[in-house]
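Please read this briefing beside the sequence and the 3D structure. It takes up the chain as a whole and then turns to its parts.

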Amino acid sequence: MSVNSRMRNADDDDVPVTWDDQRAINRFGRLNNLFHEVEDRLKEIEGELQKLEDGNDELILADDDDLIMYSFGEIFFSLPKSETEELMERSAQTLKNEQQALQAKMNDIQEETKQLKVKLYAKFGKNIYLEEE
């Protein structure tokens, strides 16, 4: 009898997974992947902003009439110092805008995943694991 009661207790922990539950689990997985993609892009942006800052520091040392080699993708071209400064400022501002948008997106993702965790843990308890490893 003790074996049967143990089996019944194990079965009591089983919670049926509905279509909506599966959709919520899938949504959580997609949001988690998106969160990591956004996080990776934010790290790339930080690196690019640091390179621009380093370039601005080096640009200060250049003479005003010097032509500055500027890299755009795989192409290098020469620009006057003033145009290079403007281009670098615009590039930095574009990256900062993207950074702000991605941080807002990251906050939205975190909020939705938090809500999904509450919902899924409430239904499945210890039968589901939604934490990072």
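Among contacts in the protein chain between residues at least 6 apart in sequence, 63% join residues at least 24 apart, where contact means heavy atoms within 4.5 Å. This is a predicted model, in which local features need pLDDT of at least 70 and side-chain atom pairs count only at pLDDT 80 or more, while totals for chains, interfaces and linings use all residues. Residues are numbered from 1 along each chain as its sequence is written, and side-chain values use heavy atoms, with hydrogens and water left out.

**Overall form**

- The protein chain has 3 helices and 2 strands, and from the N terminus on these elements run α-α-β-β-α; helices (H or I, at least four residues) and strands (E, at least two) are DSSP runs, numbered from the N terminus.
- The radius of gyration of the protein chain is 26 Å, well over the 14 Å that the globule rule gives for 133 residues, so the chain is more spread out than a compact globule; this radius is taken over C-alpha atoms, and the globule rule is 2.2 Å times the number of residues to the power 0.38.
- Taken along the principal axes, the box that the C-alpha atoms of the protein chain fill is roughly 95 × 25 × 20 Å.
- Of the 133 residues, 23% count as buried, a term that stands for under 20% relative accessible area, with exposed over 50% and partly exposed in between (1.4 Å probe, protein chains only).

**Confidence**

- The protein chain averages a pLDDT of 88, and 90% of the residues score at least 70; pLDDT is the predictor's confidence in each residue, from 0 to 100.
- Among the elements, helix 1 (residues 2–12) has the lowest mean pLDDT, 37, whereas helix 3 has the highest, 96.
- Over residues 1–11 the pLDDT stays under 50, and for this stretch the model has 0 contacts beyond four places in sequence.

**The nonpolar core**

- The largest nonpolar core has 25 residues, of which Val 38, Leu 52, Tyr 70 and Leu 120 touch the most other members; such a core is a set of buried Ala, Val, Leu, Ile, Met, Phe, Trp, Tyr and Cys residues joined through side-chain atoms within 4.5 Å.
- Helix 2 (19–60), strand 1 (67–72) and helix 3 (81–124) are the elements that give two or more residues to this core.
- Not counting residues up to four places away in sequence, Leu 52 touches Tyr 70, Met 88, Ser 91, Ala 92 and Leu 95.

**The two strands**

- Strand 1 and strand 2 (residues 75–80) run antiparallel and are joined by 6 bridges, and two strands pair if DSSP finds at least two bridges between them.
- Their hairpin has 2 residues between the strands, and Gly 73 in this hairpin takes a positive phi near 70°, while Phe 72 stands opposite Ile 75 in strand 2.
- Ser 78 lies in strand 2 and is partly exposed, with a relative accessible area of 41%.
- Leaving aside neighbours within four places in sequence, Ser 78 is in contact with Leu 67, Ile 68 and Met 69.

**Helix 3**

- At 1.5 Å a residue, the 44 residues of helix 3 should span 64 Å, and its end C-alpha atoms are 62 Å apart, which agrees; the expected span is 1.5 Å times one less than the number of residues.
- Thr 113 has its place in helix 3 and is buried, with a relative accessible area of 14%.
- Apart from neighbours within four places in sequence, Thr 113 is in contact with Phe 28 and Leu 31.
- Gly 125, whose phi is positive, near 55°, follows helix 3.
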